[in-house]
Amino acid sequence: MSLDKPYLDVPGTIIFDAEQSRKGYWLNQFCMSLMQADNRARFKADERAYLDRWALTEAQKQAVLARDLNQCLRLGGNIYFLAKIGATDGKSFQQMAGSMTGLSEEQYRDMMISGGRPANGLRVPGENGATRTQPAPPAQPTGARPAKARISAAVFSSHVPAIGAAIDQGKTQQDYWKPLFAGYDLSRQWLREHRPDVILLVYNDHATAFSLEMIPTFAIGTAAQFQPADEGWGPRPVPPVIGHPELAAHIAQSVIQQDFDLTIVNKMDVDHGLTVPLSLMCGQPLAWPCPVIPFAVNVVQYPVPSGRRCYQLGQAIRRAIESYDADLNVQIWGTGGMSHQLQGPRAGLINKEFDNAFLDQLITDPEAAASIPHIDYVREAGSEGIELVMWLIARGAMSDVARGATPDAAADGATGRPPKVVHRFYHVPASNTAVGHLILENP
Ligand code: DHB
Ligand code: FE
């Protein structure tokens with residue numbers, strides 16, 4: 001993976017990154033369970049039996065039983081999680097830290113009193129005989145350029161729970177729904193013929209996975225699987241979403257290194273914002289056609305991200321995907337919108353002129369679309385029309401748009417060539433919403 005990981009060779013140090021987190025997921029979750037007194041009592045009563053209830057590897061269990069914290073770190077543990085084991089044993093952080101150094105408790109305490117361990121000689125391997133702690137990253141093959149992932153197309157689509165219900169309940173041919181689903185006939189055919197290896201699906205969570213306890217502005221799903229959520233009507237009868245943890249973790253690290261703050265989500269259910277566009281594009285398959293990486297954007301509680309920020313994030317996502325060392329055809333989907341307002345006396349607002357101007361701009365002048373301020377979405381497209389900012393993430397990731405500030409501007413790779421409009425569709429209404437849909441292919 002072409003990621004900048006300069007921390008891999010710091011002597012005596014293991015940095016807890018996505019790779020370590022994946023390795024140590026259940027080890028760390030076991031540690032978290034020790035924050036409850038009754039779990040601590042069960043663990044202390046029979047450590048082996050308690051550990052056997054968790055999906056730890058045998059090596060991880062042995063490391064916990066031996067209280068070998070260095071081994072726990074190597075096997076994916078993180079010190080703040082592992083500290084719950086030490087706390088259960090009545091140990092302080094100083095006792096835990098000291099136990100990993102080869103010093104006795106007294107020696108370690110005295111070292112700290114004398115000013116702590118000097119950094120001199122411990123910054124890089126070889127400095128005064130220091131050795132690296134983590135294995136060296138695999139050498140990049142020289143000669144032939146390694147295959148890279150690429151974004152082949154962007155799909156844009158509204159989502160509405162009632163559309164999902166119409167599909168699930170076999171109502172797509174009813175007079176009310178027929179024209180809407182007819183607008184997606186070509187799309188389903190196109191997707192069968194242009195099946196990607198992975199879809200990065202930008203959507204918003206509707207008070208489903210994220211309550212008011214935590215509201216991430218941008219969140220990427222790095223799990224292996226995501227279940228369809230129960231939003232109150234019962235979970236939709238659709239397949240689970242298979243994720244792509246490796247590519248998702250790569251995108252997270254790359255995008256965060258480009259100064260965008262993402263929340264990393266290892267467990268969440270996905271609501272209609274994600275499943276309805278999949279149903280519109282795929283129909284009712286037994287399994288979705290490829291892995292899907294959920295990418296959630298907060299458009300529920302203000303402040304929500306600006307269209308410009310979303311557009312720039314799309315550029316960063318394109319850089320991330322194009323630096324992934326695998327021959328993957330990736331599609332990016334931007335969902336939500338178009339004009340709709342679900343609340344208050346202005347509910348039912350639809351603005352065909354605004355919607356169609358937005359579609360025009362998104363295709364030919366995405367810069368202009370990116371500069372639309374929030375207030376215009378609210379006034380013109382309704383309070384829930386703000387979902388349209390998510391379309392700018394997908395548009396910003398297309399190949400005609402420069403990828404933003406790069407160390408090597410010449411290698412930026414923006415083609416400047418506009419995308420091919422494969423399909424454009426607009427329909428009013430679906431429930432309370434104007435439905436817009438676009439398929440754009442990179443040339
Ligand atoms: C509707 C539209 C939405 O975008 C949504 O999240 C919920 C409901 C609607 O039109 O009913
Ligand atoms: Fe919505």
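Trainee: How many residues of strand β10 are buried?
Mentor: Keep in mind that this is a predicted model. Strand β10 spans residues 433-441 and is mostly covered. One side holds Thr-433, Val-435, His-437, Ile-439 and Glu-441, the other Ala-434, Gly-436, Leu-438 and Leu-440, and both faces are covered. So with buried meaning under 20% relative accessible area, the count for β10 is 9 of its 9 residues.

Trainee: Which residue in β10 is the bridge partner of Ala-154?
Mentor: Look to strand β1, residues 150-157, which pairs with β10 in the antiparallel sense over 5 bridges. In β10, the partner of Ala-154 is Leu-440.

Trainee: And which residue stands opposite Ile-439?
Mentor: Here you want strand β9, residues 420-430, which runs antiparallel to β10 and is joined to it by 8 bridges. The hairpin of β9 and β10 has 2 residues between the strands, and Ser-431 takes a positive phi near 60° there. Opposite Ile-439 stands His-423.

Trainee: What share of residues 27-112 is helix?
Mentor: An unreviewed UniProt entry annotates that stretch as "domain: Extradiol ring-cleavage dioxygenase LigAB LigA subunit". Its end C-alpha atoms are 29 Å apart.

Methods
Residues are numbered from 1 along each chain as its sequence is written. Chains are lettered from A and ligands numbered from 1 in the order in which they are written. This is a predicted model: local features need pLDDT of at least 70, side-chain atom pairs count only at pLDDT 80 or more; totals for chains, interfaces and linings use all residues. Side-chain values use heavy atoms; hydrogens and water are left out. Buried means under 20% relative accessible area, exposed over 50%, partly exposed in between (1.4 Å probe, protein chains only). Helices (H or I, at least four residues) and strands (E, at least two) are DSSP runs, numbered from the N terminus. Two strands pair if DSSP finds at least two bridges between them. UniProt positions are given in the numbering used here, feature names are shortened, and annotations may be inferred rather than shown by experiment.
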